[in-house]
Amino acid sequence: MSDFVEEAIKEGYLHYGFTPHSPIPIVSPCNMSMEDVTNYIEEFQRLKEIHKDRINLYLSMEIDYLDEQWGASNSYFQELPLDYRLSSVHFIPTQSGNQLIDIDGRPETFIRKMHEFFNDDIYYVVDKFYMQTLKMIEAGGFDIIGHFDKIGFNASHFRPDIENEAWYKAHIECIIKAIKEKGLIAEVNTKAWEAPVNATEKQCKEYTPRLFPSADTISMLKNAGVPLVVNSDTHYPSRLNCGREAAFNIIDNA
């Protein structure tokens, strides 16, 4: 955490929020454990005090919505001393409902999981993702909705141009309407503006920069009057500022 603060200060940030993946009641290598939450808060308070004259720090979490029992509206998250709450969908249930699968990883992993867990039913996966997103919005308890069209990025590697299909666009329109009605802030996520850290030279050359949501969806959000916040969502301090200027340019010209 201290490395991120130092990088933020070096890059000239006046405000910086920590938003790590929240605890969840299933095994996940990406989420902090409930036992680590106290240590997280204590380290945040330590850094906030040390750097109080150089930067304003904010305590948060990216809270996973799993179902009606687990999400930002859960009393556990409401009672934590968070400055803001960001909520996202990363997991959806299989068709049988017996297992929650993380569909938020890299495209190649997503395609493997399509074969292994979802019988290659891309309609089910996309529909279920957006159904979960609507339930998350309705349940509330958070301020910012995170990368709500990430599924389109992954799904387009399984089914090219899926984001331009009418049924997919209808999902986006429905989500934007719900965001607007709930008075939420929409995240503009710059994580995918550059190729992954360990990408090959060939992959870097072939890589297409991407924001979540897409430029077209940003324009729709802006036209709907939804407030936007630009977040890096990076796991590497060196990428804290990656894509930030580009994101603001896209927003300004949307």
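Colleague: Is Ser232 buried or exposed?

Modeller: This is a predicted model, to start with. Ser232 comes out at 15% relative accessibility. The cut-off for buried is under 20%, so Ser232 counts as buried.

Colleague: Where does Ser232 sit?

Modeller: Ser232 is in the loop between strand E9 (228-231) and H10.

Colleague: And which residues is Ser232 in contact with, leaving aside neighbours within four places in sequence?

Modeller: Asn189, Thr190, Lys191, Arg239 and Leu240.

Colleague: You mentioned H10. How do the axes of H9 and H10 cross?

Modeller: Helix H9 covers residues 215-223 and helix H10 covers residues 244-253. Their axes come within 9 Å and cross at roughly 50°. H9 and H10 are therefore oblique to each other.

Colleague: What hand is the crossing where H9 passes H10?

Modeller: Right-handed.

Colleague: Which residues make that contact?

Modeller: From H9, Ala215, Ile218 and Lys222. H10 brings Ile250, Ile251, Asp252 and Asn253. By class, the contact of H9 with H10 has four nonpolar residues, one polar and two charged.

Colleague: Why do you call H4 and H6 roughly perpendicular?

Modeller: The crossing angle is roughly 70°, and 65 to 115 degrees counts as roughly perpendicular, so H4 and H6 fall in that class. Their crossing is right-handed.

Colleague: Which residues meet there?

Modeller: On the H4 side, Pro107, Phe110, Ile111, Met114 and His115. They meet Ile151, Phe153, Asn154, Ala155, His157 and Phe158 in H6.

Colleague: How many charged residues are in the contact of H4 with H6?

Modeller: None are charged; eight are nonpolar and three are polar.

Colleague: OK, strands. Which residues of E1 are on the covered face?

Modeller: Tyr16 and Phe18. The uncovered face of E1, which spans residues 15-18, has His15 and Gly17.

Colleague: How many bridges join E1 to E2, and which way do the strands run?

Modeller: Four bridges, and E1 and E2 run parallel. E2 is residues 56-59.

Terms used
Residues are numbered from 1 along each chain as its sequence is written. This is a predicted model: local features need pLDDT of at least 70, side-chain atom pairs count only at pLDDT 80 or more; totals for chains, interfaces and linings use all residues. Side-chain values use heavy atoms; hydrogens and water are left out. Axes are lines fitted to C-alpha atoms, for helices over the stretch in contact, and angles run from 0 to 180 degrees between N-to-C directions. Helices (H or I, at least four residues) and strands (E, at least two) are DSSP runs, numbered from the N terminus. Angles under 35 degrees count as roughly parallel, over 145 as roughly antiparallel, 65 to 115 as roughly perpendicular and the rest as oblique. A crossing is left-handed if the near helix is turned anticlockwise from the far one by less than a right angle, and right-handed if clockwise. Contact means heavy atoms within 4.5 Å. Ala, Val, Leu, Ile, Met, Phe, Trp, Tyr, Cys and Pro count as nonpolar, Asp, Glu, Lys and Arg as charged, and the others, Gly among them, as polar. Buried means under 20% relative accessible area, exposed over 50%, partly exposed in between (1.4 Å probe, protein chains only). Two strands pair if DSSP finds at least two bridges between them.
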